[in-house]
Amino acid sequence: PLRVLVTGAAGQIAYSLLFPIANGDVFGKEQPIVLVMLDIPQMVGILEGVCMELQDCALPLLKEVIATDKEEVAFKDLDYALLVGAMPRREGMERKDLLKANVKIFQSQGRALDQYAKKTCKVVVVGNPANTNALICSKFAPSIPAKNFSALTRLDQNRARAQIAAYLGLPCNSVSRTVIWGNHSNTQFPDASNGVVRGLDGVEKSVYDAVANEEWLKGKFLTTVQQRGAAVIKARKLSSAMSAAKAICDHARDWHFGTPAGDFVSMAVISDGNGYGVQNNLMYSFPLTISNGEWRIVEGLNLNDWAKEKLKATEAELIEERDTALSVCEA
């Protein structure tokens, strides 16, 4: 069986995430799963209820469920760690406030990964600020390769492709190669400049040609995707959960099985050695292809000066976040 950890397992994202993992929708319909759930001590009662529900789903692939509030139990021998749990962002809260609260959590979880998890463990950080949390986690797990750490920007990619598809009146899977650069924040750059759309007639054309509205692509499209998380919080009074869980599943599935031919996926990964001039030692979202569990940055994409400015702006925010986070760790 694959041993998969979900942290924040009593929370609302996890409630939409646990079933597809246990049902074979992420790691395959023949892959047995040991599902490990971690949350804080005051959530253990809720976790017991989640355990009952998973048992009541009668899922043939689910070999064992472990619910715990102890890191040494949760992180033992992991194949995948989906780090969802974090202090949640409330309406009106700045990401920097979140950063300071969450750095300590991911410092501790990095140490636990280093001590207890398999050295091949793949880590997906969801708790915000996800990019910098992933970097901190990696720093405190030096025995696990930095390339095994990632942060979730697939939700942003899904939002971007859904906006283009809706604009064109097409299914979401007709849009490919539209990606996210940089931070999972409102400085992210949703980039359709290399995007492709397959029409109902099967003919492929560039997103820019299909949409034929550069003002929308550089304006409302951009801001809608960048600010979608805040818009959901304003409407629901809670942050994105169902869509976040779907994106985590997409991210983990593609990392496990590989990317579809001809398409790219967005993941925040370690920036070392990239060909786009992004500073090393950042968790930065790039377009990737994945094969045999190994990701590669898609190199050589054409970016105009406007796009390059967007990459720099989100890089600057990540540098600032990283430096703040490291100073909190040292304090």
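I count two strands as paired if DSSP finds at least two bridges between them. The model I am reading is predicted.

**Entry 1: the β10 sheet**

I began with strand β10, residues 196–198, and its link to β11. Three bridges join the two strands, and they run antiparallel. Within this pair I found arginine 198 opposite glutamate 204 of β11. I then looked up the whole sheet: it is open, has three strands in the order β7-β10-β11, and pairs antiparallel. β7 (175–176) and β11 (204–206) are the edge strands; each has a single partner strand, so one side of each lacks a neighbour in the sheet.

**Entry 2: strand β1**

Next I turned to β1, residues 2–7. How many of its residues are buried? I noted six of six, so the strand is mostly covered, with buried meaning under 20% relative accessible area. In a regular strand the side chains alternate between the two faces of the sheet. I therefore checked each face of β1 by the under 20% limit. Leu2, Val4 and Val6 are buried on one side, and Arg3, Leu5 and Thr7 are buried on the other. β1 pairs with β2 in the parallel sense over six bridges. Threonine 7 has leucine 38 of β2 opposite.

**Entry 3: nonpolar cores**

I looked up the largest nonpolar core, which has 88 residues; Ile21, Leu83, Leu113 and Trp181 touch the most other members. Helix α11 (residues 242–257) gives the most to this core, namely seven residues. At least three residues of the core come from each of domain 1 (2–151) and domain 2 (153–322). Apart from this core I found another, of 14 residues, including Val175, Val207, Trp216 and Val225.

I listed the contacts of tryptophan 181, leaving aside neighbours within four places in sequence. Among them are the aromatic residues Phe189, Tyr276, Tyr284 and Phe286. Tryptophan 181 is also in contact with Leu301, Leu303 and Leu311, and with Gln188, Asp191, Ser285, Pro287 and Thr314.

**Entry 4: annotated binding site**

I checked the unreviewed UniProt entry, which lists Asp39, Asn102, Val126, Gly127 and Asn128 under "binding site".

Where does aspartate 39 lie? I found aspartate 39 in the loop between β2 (33–38) and α2 (44–56). Its relative accessible area is 13%, so aspartate 39 is buried.

Valine 126 is in the loop between β5 (122–125) and α5 (130–139). I put valine 126 down as buried because its relative accessible area is 9%. Leaving out residues up to four places away in sequence, valine 126 touches Ile13, Leu83, Val84, Leu152 and Ile248. Of these, I had already noted Leu83 among the core residues that touch the most other members.

**Entry 5: annotated active site**

Which residue does the "active site" annotation cover? The unreviewed UniProt entry gives His184. I located histidine 184 in the loop between β8 (179–181) and β9 (189–191). Is histidine 184 buried or exposed? Its relative accessibility is 15%, so histidine 184 counts as buried.

Methods: Residues are numbered from 1 along each chain as its sequence is written. This is a predicted model: local features need pLDDT of at least 70, side-chain atom pairs count only at pLDDT 80 or more; totals for chains, interfaces and linings use all residues. Side-chain values use heavy atoms; hydrogens and water are left out. Helices (H or I, at least four residues) and strands (E, at least two) are DSSP runs, numbered from the N terminus. A nonpolar core is a set of buried Ala, Val, Leu, Ile, Met, Phe, Trp, Tyr and Cys residues joined through side-chain atoms within 4.5 Å. Buried means under 20% relative accessible area, exposed over 50%, partly exposed in between (1.4 Å probe, protein chains only). Domain bounds come from an automatic or database domain assignment. Contact means heavy atoms within 4.5 Å. UniProt positions are given in the numbering used here, feature names are shortened, and annotations may be inferred rather than shown by experiment.
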